[in-house]
Amino acid sequence: MITSQQAVGKPLDRVDGRLKVTGQARYAAEWPIENVTYGALVLSTVASGRAKSIDVRAAERAPGVLAVITHHNAMRLRSLEQKQRPGVDPDFGEPLSPLQDDIVRYNGQPLAVVVADTFERARYAASLVRVEYHDEGGITTFAQAVPHAQAPLEAGDSNKKKAQRSKDYRRGDPNAEQSKAEVRIEATYSMAANHHNPMEPHVTIAMWDGPRLTLYDKTQWVDNVREQIALAFAMKTEDVRVISPFVGGAFGSALRVWPHVLISALAARHVGRPVKLVLTRAQEFTVPGYRPQNVQTVSLAATRDGKLTSIEHKGTNQTSTYEEYTESLLDPSRFMYACPNAATIYRLARMNVNTPASMRGPGEVSGMFALESAIDELAVAVGIDPVVLRLRNHADDDPETGKPWSSKSLKECYRDAAEQFGWSRRNPQPRSMREGHELIGYGMASATWPAMRQPATIYVQLRSDGNAVVRTAASDIGPGTYTVMTQIAADALGLPVGRVNFDLGDSSLPKAPVQGGSMTVASVGSAVYEVCQAALAKVLELTHGDERSPLKGATFDQTVAGDGRLFLKSDPSRGEPIAEILKRHGRQSIELTQESKPGGDAKKYTTRSFGAHFVEVRVDADLGAIRVARVVSRLAAGRIINPKTAGSQAIGGIVGGIGMALLEETVWDERNARIVNANLADYHVPVHADIRHIDARYVEEHDTHVNPIGAKGLAELSIVGVAAAVANAVYHATGKRIREVPITPDKLL
Ligand code: MOS
């Protein structure tokens, strides 16, 4: 049915904005729970070995303590079989099952939980727990681990989609091309580990009622928490409910079910009262995951006029000793540029650290730092403008699969961003642009992110009072999901946005996919659209044999919905309000719960978003201090549902990219793999003073293949390429090529 498109595409204010700014939006730690107790974790202080003894006596005697739980007295949890692992977990290894044994796998691993009547008493008592170790040292530096790096086990598993990215890849004969190349670039890049550091810490409140368990949790996927907890505690899935209507940022840190979730449930069962477990900022560094360190070597071969003839990209990611975390680090080198010869080699380096996790554009963001830096190095070597070089190697089709793109507006992104930025003012000579004490650098890089879609089930209720309710177990970690789903539903139903109430964040609602991979709008949004349309079809059915309806006999395709009315396309005066139809048929409402799956012709295409970032840096010539003065980004991600929330996501991603480029770095102590900057004073994230002018906008795309609403993912696209653009600008400003992020002043001096 055609519907009035009044809401989609408009910069609607957040529908949950008022709740948030007035403090009424309830985050996981804020639920008032009667009789609640507080958990505090005790973490290991060595990297590898065994907890020989855990002395809990002083803690048990401390005021207000109800229990101290260690592997000695914790209930047994079931461990997960490989086939039970959700997509957000690594396929190989053993997920940490907390408090189940005395093995210390990393520094900062939960070894005990103290439960007390107040948070302060729990933390104090936790400080009294004494652990003695058999300290086995372990692999405590990335440098130690890299020489032993191996291909991931999953590379041998042909059944899994993830295996694709880990397998050695080759097309054509890259080696032969490298040896006969007119121009050749080979460089090694490295990136520090980064921690998500969302503003809201991780927290779970666990509450048992007989065999049933309710969890108030910070999560990006309530259904996954529900299933994983049910498996670990050998419960029926229906007996677990996970509630998470608001999340204060996550960036990938709340995709998996981390140990504290299991511990809160186990502790609540142990003490027979609800337990609230909030991680401290320091614990945020070793209970959830982080973006792994990596080292990458890119070898490019090209003709003298800049046509790429070979791309080789080798990358090694850090992982833990107990799980194989892999990411799509090398994917971009396979498809980003038209090039007949290409190879990627992926390896994992195991260390005694907690397992890394997806973080803000995982894989692409790291791989594109190396690739887009190398392309800039090639531009310098051949003396061609970096934008011109990229256009010369533009991939008109997907070079990896040979498929066409469902849509691709990368050229428009380069052109629009370059023009807005004033790229033509750039003197290509490094150190040639300066203002007083400041060296000025212009740099640019490309962005890309996959456009994915997963099934989602939606409940729609159209009511005789003219309102509609739409529900699904999706998450909204901040991008504006409540708002854009309200817009999509309103238009799909032909209702004003004020008449639609959209609800999410509760596992008792119909199943939705993880809010990860920037695919919520494509997945849940497409489902909302399709199921709302199906609900309208049910309303129209009521009119089929209805003599009193002006719509009698009208088919779905002949009908239009708008302003709460159904009317004929051929004669808009012939129609009636939806509410009227329901009332006449004695219906208070029409309800529908339906699944919506990927379909159409999307599989015939490669579906990705693309973009370009242009950056101006200003470098203090004496001190090496770098400021990002301006960023102009143009992103093409299909249809933009809400330019306001989309714009915020882009700014957020770019700020994250600036953090990665200049500030963010997790530092492990070389002796014992203890994170030495596990706090927000020493782990630097960008603050307002670090961010100047950001102009981030979208290039319109009408993609009729990607999914029914034509929207691709937004947030993660916007961080990809930023670090390379900054590094390229720093090279242009200073003449120094820094191949290691973050680019701190010491690296420039
Ligand atoms: Mo995103 S890193 O998949 O939350």
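Where is F251 found? I looked this up at the outset and located F251 in the loop between β12 and α8. The model I am reading is a predicted one.

**Entry 1: backbone exceptions**

Most residues other than glycine have a negative phi, and most peptide bonds are trans.

I then checked F251 and noted that its phi is positive, near 60°, although the residue is not a glycine. I recorded F251 as partly exposed, with a relative accessible area of 38%.

I turned to A234, which lies in the loop between α7 and β12 (240–243). A234 is likewise not a glycine, and I read a positive phi of about 50° for it.

I next looked up the peptide bond between V741 and P742. I found it to be cis, with omega about 5°. P742 itself sits in the loop between β29 (740–741) and α19 (745–748).

**Entry 2: helix α12**

I compared the length of α12 with expectation. The helix covers residues 410–421, and at 1.5 Å a residue its twelve residues should span 16 Å; I found the end C-alpha atoms 16 Å apart, which agrees.

Which residues of α12 are buried? I listed L410, C413, Y414, A417, A418 and F421. Viewed down the axis of α12, these buried residues fall within an arc of 115°, so I concluded that they line one face of the helix. On the other side of α12, I noted R415 and E419 as exposed.

I then asked what the buried residues of α12 pack against. The partners I found are α11 (386–392), β18 (438–450), β26 (608–620) and β27 (626–636). After α12 comes G422, for which I read a positive phi near 85°.

**Entry 3: the second largest pocket**

I looked up the second largest pocket and recorded a volume of about 460 Å³. Its lining has 23 residues, and those closest to the centre of the pocket are L43, T280, A282, Q283 and R674. Elements that give two or more residues to this lining are β2 (37–43), α3 (119–127) and β13 (275–278). I noted that β2 gives the most to the lining of the second largest pocket, namely five residues. By class, I divided the lining of this pocket into twelve nonpolar, nine polar and two charged residues.

The largest cavity has a volume of about 280 Å³. Of the 23 residues that line the largest cavity, I noted P95, L96, R256, V257 and L262 as the closest to its centre. I found that α7 (222–232) and α8 (259–271) each supply at least two residues of its lining. The lining of the largest cavity divides into twelve nonpolar, six polar and five charged residues.

For the second largest cavity I recorded a volume of about 60 Å³. Its lining consists of H71, L96, S97, P98, L99, Q100, D101, R105, Q109, P110 and L111. I classed the lining of the second largest cavity as five nonpolar, four polar and two charged residues. I noted finally that L96 is named for the largest cavity and also lines the second largest cavity.

How values were computed: Residues numbered from 1 in each chain as written. Predicted model: local features only at pLDDT ≥ 70, side-chain atom pairs only at ≥ 80, totals over all residues. Heavy atoms only, no water. Helix = DSSP H or I, 4+ residues; strand = E, 2+ residues; numbered from the N terminus. Expected span 1.5 Å × (residues − 1). Buried < 20%, exposed > 50% of the residue type's maximum accessible area, 1.4 Å probe, protein only. Arc of directions from axis to C-beta. Contact = heavy atoms within 4.5 Å. 1 Å grid on protein atoms, 1.4 Å probe; cavity = no way out; pocket = protein on both sides within 12 Å on 5 of 7 lines; lining within 4 Å. Points joined across faces, edges and corners; volume = space filled by probe spheres on them. Nonpolar A, V, L, I, M, F, W, Y, C, P; charged D, E, K, R; others polar.
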